Amino acid sequence: MSPFVKLADPGSYVACSWDLCRDHEARQYWVPFFKQHLETILKVGCEALRARGVDERNTARRAQACREEFHAVFDRFAADPEGSGPVTILTLDRWRDQILRRHGFVDPFIDLKQRENEAALPLVPQVVAELDQHRGQEQILTMIRGIFAGNIFDMGAAASSRRMLEGDLDFFRTRDRLPARPWLVDDFDRLVESLQRTVHRRAVFFVDNAGSDFMLGVLPMVRWLARRGTTVVLAANERPTLNDMTAAEVRAWWPQILQVERSFAGLPVEIVSTGTGEPLIDLSAVSPELNEAASEADLVILEGMGRGIESNLDARFTCEALNIGMIKDSMIARRNGGNLYDVVLKFR
């Protein structure tokens, strides 16, 4: 593992600058949030274990042991913020996933991801056909709005995870209700200017969630870029976390994507593992596979609230870069001077 090859200055790079040791208000928000969200993860994770033949008693024992260790770690941090070294949301993500894995909850959302992908896959032809009806700036806007709408399918945020489990999320309805421009961060005009001026040689696309996020948000933009002649590197986590797509899952679903939408066949698309396993991403340590694939890239796309807003919003690269996602947490919204479900498009 080594720094991402496209970082402008790896020595000064900071993935997430939100210091939870010093920010008392944020710490009071995030520690209870993670403890409460653990119950959602354990509920879904226990269902996944039972579906794979683990008996009820064993499942309950694992969940209780996981809960006790989790609370001990997070309560210790709350009581002694300076006692754990530097702590950001990325740190909390790592603590959570390490504890879950120690107790056998390696991929709690595996079945949810499967269901969401199965539901979204048949809609891919409809979304790309609609995109093809537009031209110029309107086509790019339609594509970007699709990424915003898809990104609401997120089990890492309280507002969206609750609605997702209740079946209260719909890609097309979400897209229709997106905020009007100007968005909270709105570099759309600069992005259009670049895309109309340049056909990028190689784009590294850091993907986020399964379901409509990947199928209906990311894939249409991948197709749009690749059909213009850009080689698109789909960079996904090595290890499962929440409902994020892993590189193995992207590879497994690709034949089915080709089957429902033939226009993806033969496009210059590569799939690589980032080597990471968190919903945020620390680009100071990524896989050799990713760095090799990204060495000649002239565009980096960080999609999703975790990868593109909570982390890396101020990261500097040696090529053009796009951060794009929807804010689905009230504290993240406050920190960025916006509201719940605001959207961010930062291009530089």
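Predicted model: local features only at pLDDT ≥ 70, side-chain atom pairs only at ≥ 80, totals over all residues.

Colleague: Why is Glu-47 called partly exposed?
Modeller: Its relative accessibility is 36%. The partly exposed class runs between under 20% for buried and over 50% for exposed, so Glu-47 belongs there.

Colleague: What makes Lys-43 and Glu-47 a salt bridge?
Modeller: The closest N and O atoms of the two are 3.1 Å apart. The cut-off asks for a Lys or Arg nitrogen within 4 Å of an Asp or Glu carboxyl oxygen, so Lys-43 and Glu-47 form a salt bridge. Both sit in helix α1, four residues apart, about one turn of the helix.

Colleague: How many salt bridges does the structure hold?
Modeller: There are 28. One of them joins the side chains of Lys-35 and Asp-75, at 2.7 Å from N to O.

Colleague: What makes that a link between distant parts of the chain?
Modeller: Lys-35 belongs to helix α1 (residues 24-51) and Asp-75 to helix α2 (residues 56-79), and the two are 40 residues apart. Lys-35, at 21% relative accessibility, is partly exposed, and Asp-75, at 35%, is partly exposed too.

Colleague: How do you know that Asp-186 and Arg-181 pair up?
Modeller: Their side chains meet at 2.9 Å, N to O, and the limit is 4 Å, so the pair counts as a salt bridge. Asp-186 has 23% relative accessibility and Arg-181 has 35%, so each counts as partly exposed.

Colleague: Why is Thr-246 called buried?
Modeller: The relative accessible area of Thr-246 is 5%, and buried means under 20%, so the label holds. Thr-246 lies in the loop between β3 (231-236) and α11 (247-260). Leaving aside neighbours within four places in sequence, Thr-246 is in contact with Ala-236, Asn-237, Glu-238, Arg-239 and Pro-240.

Colleague: Which residues of helix α9 are buried?
Modeller: In α9 (residues 188-197), they are Phe-188, Leu-191, Val-192, Ser-194 and Leu-195.

Colleague: And what makes them one face of the helix?
Modeller: Looking down the axis of α9, the buried residues fall within an arc of 165 degrees, so they line one face. On the other side of α9, Gln-196 and Arg-197 are exposed. The cover over the buried residues includes α6 (136-150), β1 (185-186), α10 (212-227), β6 (320-326) and β7 (343-347).

Colleague: Last topic: how much space lies in the largest pocket?
Modeller: About 350 Å³. The lining has 22 residues, and the closest to the centre of the pocket are Val-14, Ala-15, Ser-17, Leu-313 and Asp-314.

Colleague: What classes of residue make up the lining of the largest pocket?
Modeller: Twelve are nonpolar, five polar and five charged.

Key. Residues numbered from 1 in each chain as written. Heavy atoms only, no water. 1 Å grid on protein atoms, 1.4 Å probe; cavity = no way out; pocket = protein on both sides within 12 Å on 5 of 7 lines; lining within 4 Å. Points joined across faces, edges and corners; volume = space filled by probe spheres on them. Nonpolar A, V, L, I, M, F, W, Y, C, P; charged D, E, K, R; others polar. Buried < 20%, exposed > 50% of the residue type's maximum accessible area, 1.4 Å probe, protein only. Arc of directions from axis to C-beta. Contact = heavy atoms within 4.5 Å.
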